[in-house]
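Open the model in your viewer and keep the selection panel at hand. This tour moves from one selection to the next.

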Amino acid sequence: MKLVPLGDRVVLKQLEAEQTTKSGIVLPGQDKEKPQQAEVIAVGPGGTVDGKEVKMEVKVGDQVIFSKYAGTEVKLEDEEYIVVRQNDILAIVK
């Protein structure tokens with residue numbers, strides 16, 4: 001099974017949270033906050049959304065930073081994904 005986003009939507013796979021800090025302190029489970037960085041898994045076709053032309057600026061494989069409360073979490077075949085609109089993506093990490 002595969003997720004195919006529609007319109008200006010993008011499917012993201014959230015990157016794992018760091019287990020330790022840079023100084024070597026191990027973080028317990030409840031103290032870890034999910035990172036806002038993810039990898040692009042699938043990109044919608046863009047086109048006309050809400051009467052405006054949308055050009056997709058991200059591509060599969062890009063590492064991106066997205067808004068903290070953006071999107072819808074989806075679980076498919078034991079994998080968790082987030083489906084967001086392209087305008088919820090703040091930056092591409094290069």
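**Stop 1: Asp8 and Arg85.** Select Asp8 and Arg85 and show their side chains. They meet in a salt bridge, 3.1 Å from N to O. The term salt bridge stands for a side-chain nitrogen of Lys or Arg within 4 Å of a carboxyl oxygen of Asp or Glu. Asp8 lies in the segment before β1 and Arg85 in strand β7, so the pair ties together parts that are 77 residues apart in sequence. Helices (H or I, at least four residues) and strands (E, at least two) are DSSP runs, numbered from the N terminus.

A word on the model before you move on. It is predicted: local features need pLDDT of at least 70 and side-chain atom pairs count only at pLDDT 80 or more, while totals for chains, interfaces and linings use all residues. Residues are numbered from 1 along each chain as its sequence is written, and side-chain values use heavy atoms, with hydrogens and water left out.

Stay on Asp8. Is it buried or exposed? Asp8 is buried, at 5% relative accessible area. Arg85 is partly exposed, at 27%. Here buried means under 20% relative accessible area, exposed means over 50%, and partly exposed is in between (1.4 Å probe, protein chains only).

Now show what surrounds Asp8. Leaving aside neighbours within four places in sequence, Asp8 is in contact with Val49, Val54, Met56, Val84, Arg85 and Gln86. Contact means heavy atoms within 4.5 Å.

**Stop 2: β1 and its partners.** Select residues 9–14, strand β1, and residues 79–85, strand β7. The two pair in the antiparallel sense over four bridges. Strands count as paired if DSSP finds at least two bridges between them. Pick Leu12: its bridge partner in β7 is Ile82.

Gln14 stands opposite Ala38 in β2.

**Stop 3: two further salt bridges.** How many salt bridges does a search of the whole structure find? It finds three. You have seen the one between Asp8 and Arg85.

Select Lys13 and Glu79. They form a salt bridge, with the closest N and O atoms 2.4 Å apart. Lys13 lies in strand β1 and Glu79 in strand β7, so this pair ties together parts that are 66 residues apart in sequence. Lys13 is partly exposed at 28% relative accessibility. Glu79 is partly exposed too, at 32%.

Then select Asp62 and Lys59. Their side chains meet in a salt bridge at 3.2 Å, N to O. Asp62 is buried at 11% relative accessible area, whereas Lys59 is exposed at 52%.

**Stop 4: the nonpolar cores.** A nonpolar core is a set of buried Ala, Val, Leu, Ile, Met, Phe, Trp, Tyr and Cys residues joined through side-chain atoms within 4.5 Å. Select Val10, Leu12, Val40, Val58, Val64, Val84 and Ile89. Of the 14 residues in the largest core, these touch the most other members. The elements giving two or more residues to this core are β1, β2, β5 (63–66) and β7.

Zoom in on Val40. Not counting residues up to four places away in sequence, Val40 touches several residues, among them Val10, Leu12, Val58 and Val64.

Finish with Val11, Ala42, Tyr81 and Val83. They belong to a second, separate core of five residues.
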